[in-house]
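Please take a look at the chain and its ligand below. Keep the model open while you read.

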Amino acid sequence: MTPPAPPAPRPTATQDELPPIVLLGMPGAGKGTQAKRLIARYQIPHLSTGDMFREIVASGSDPGKRTRNTMQQGGLVDDDLVCAVVGERIQRPDCGNGYILDGFPRTLPQAEWFIRFLDERGHASRLIVIYLTVGYNDLYRRLLGRRSCPKCGRIYNDFTQRPRQAGVCDLDQSPLVQRKDDDPAVIRERLSAYEQQTLPLVNFFRRRGRLLQISGAEAVDRVSERIFAAVDRGIGVSGASRLEAID
Ligand code: AMP
């Protein structure tokens with residue numbers, strides 16, 4: 001009897017391959033700013049699943065029709081569809097040397113799928129999940145204090161970025177308005193929904209030693225430095241060391 005053939009060797013990271021990067025954090029924690037800096041430094045694509053699904057809906061395809069209602073009601077798209085779309089996207093050639101995922105994973109089944117996907121390609125131990133944190137009170141104040149000009153769209157904040165004259169736009173003197181979902185009760189609801197969604201993912205990636213937790217209250221440059229240092233350390237390494245940084 002002939003012995004079974006040995007399993008095919010797993011593809012491993014090449015010399016200069018960048019690790020996959022996931023951004024986790026509340027809007028306002030600085031994800032957008034850090035994504036822009038990562039793109040500029042490493043020239044890698046920024047994949048936002050929210051943008052991908054808006055495109056799918058706009059295309060009018062069958063999955064687009066099914067997704068439209070879910071998105072309009074603020075619900076989550078089916079895990080199977082999300083994973084299929086993300087899997088197809090990150091296998092395109094422009095993701096061959098790293099990518100930034102924004103808005104994915106959002107659920108534990110998505111996170112588990114993603115780790116399996118990376119594992120099959122020898123990348124699971126290189127993943128860097130950047131978790132930008134902002135204290136509950138700061139976030140609450142940031143959202144509660146947010147005001148905007150209905151005419152020119154400029155954003156102000158009663159706590160951090162006041163207009164010269166209270167309640168009036170500096171540029172066109174229009175009275176400033178508050179978004180409906182920046183009302184205290186809705187803010188509390190949004191924050192707790194966010195926590196419910198994100199904390200299981202934070203724990204999932206922390207347990208695997210792939211979480212880099214950084215305070216979004218730190219100076220923007222300092223946050224970038226810490227992210228770049230972790231990414232630089234992960235370049236071309238097939239089994240990166242555990243990430244632990246905590247704010
Ligand atoms: P966003 O722009 O990230 O807020 O995403 C907009 C909408 O797209 C969400 O409200 C969801 O309906 C859908 N979506 C984006 N990413 C995901 C995901 N990872 N899982 C499920 N639904 C998602």
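The paragraphs below go from the whole chain to the sheet, then to the ligand and a few single residues.

This is a predicted model, in which local features need pLDDT of at least 70 and side-chain atom pairs count only at pLDDT 80 or more, while totals for chains, interfaces and linings use all residues. Residues are numbered from 1 along each chain as its sequence is written, and side-chain values use heavy atoms, with hydrogens and water left out.

Start with the whole chain. The protein chain has 8 helices and 7 strands. Both are DSSP runs numbered from the N terminus: helices are H or I with at least four residues, strands are E with at least two. Of the 247 residues in the protein chain, 43% are buried. Buried means under 20% relative accessible area, exposed means over 50%, and partly exposed lies in between, using a 1.4 Å probe and protein chains only. The accessible surface of the protein chain is about 13,800 Å², and carbon and sulfur atoms account for 52% of this surface. Such areas come from the Shrake-Rupley method with a 1.4 Å probe; for residues, only the protein chains shown count as cover. Now take contacts in the protein chain between residues at least 6 apart in sequence: 71% of them join residues at least 24 apart. Contact means heavy atoms within 4.5 Å.

Next comes the sheet. In what order do the 5 strands of the open sheet run? The order is β2-β3-β1-β4-β7, with parallel pairing. Two strands pair if DSSP finds at least two bridges between them. At the edges are β2 (46-48) and β7 (211-215), each of which pairs on one side only. From one strand to the next, the twist averages 25°. Axes here are lines fitted to C-alpha atoms, for helices over the stretch in contact, and angles run from 0 to 180 degrees between N-to-C directions.

Follow strand β4, residues 128-133. On one side, β4 pairs with β7 in the parallel sense over 5 bridges. Thr133 stands opposite Ser215 in β7. β4 also pairs with β1, again in the parallel sense, over 4 bridges. There, Ile130 of β4 is the bridge partner of Leu23.

Is β4 enclosed or open? It is largely enclosed by the rest of the structure, because 6 of its 6 residues are buried. In a regular strand the side chains alternate between the two faces of the sheet. Ile128, Ile130 and Leu132 are buried on one side of β4, and Val129, Tyr131 and Thr133 are buried on the other.

Helix α8 (residues 220-234) lies across β1, β4 and β7, at about 165° to β7.

Now turn to the ligand. Which residues surround the ligand? They are Thr49, Gly50, Arg54, Met71, Gly75, Leu76, Val77, Val82, Gly103, Phe104, Arg106 and Gln110. Each has a heavy atom within 4 Å of the ligand. Helix α2 (residues 49-59) gives the most to this shell, with 3 residues. A polar side-chain atom of Arg54 lies 3.0 Å from an oxygen atom of the ligand. A polar backbone atom of Gly75 is 2.6 Å from a ligand oxygen atom. Val77 places a backbone N or O atom 3.0 Å from a nitrogen atom of the ligand. The protein covers 80% of the 480 Å² of accessible area that the ligand has on its own.

A few single residues remain. Phe104 and Pro105 are joined by a cis peptide bond, with omega about -5°. Pro105 sits in the loop between β3 (100-102) and α5 (108-120).

Lys31 belongs to helix α1 (residues 31-42). Lys31 is buried, with a relative accessible area of 17%. Beyond its neighbours within four places in sequence, Lys31 is in contact with Leu23, Leu24, Gly25, Met26, Asp102 and Leu132.

Gln43 is in the loop between α1 and β2. Its phi is positive, about 55°, although Gln43 is not a glycine. Gln43 counts as exposed, at 65% relative accessibility. Gln173 lies in the loop between β6 (155-157) and α7. Phi of Gln173 is near 60°, a positive value in a residue other than glycine. Gln173 is exposed, with a relative accessible area of 52%.

How values were computed
Polar contact = N/O pair within 3.5 Å; in protein donor to acceptor, adjacent residues only side chain to side chain.
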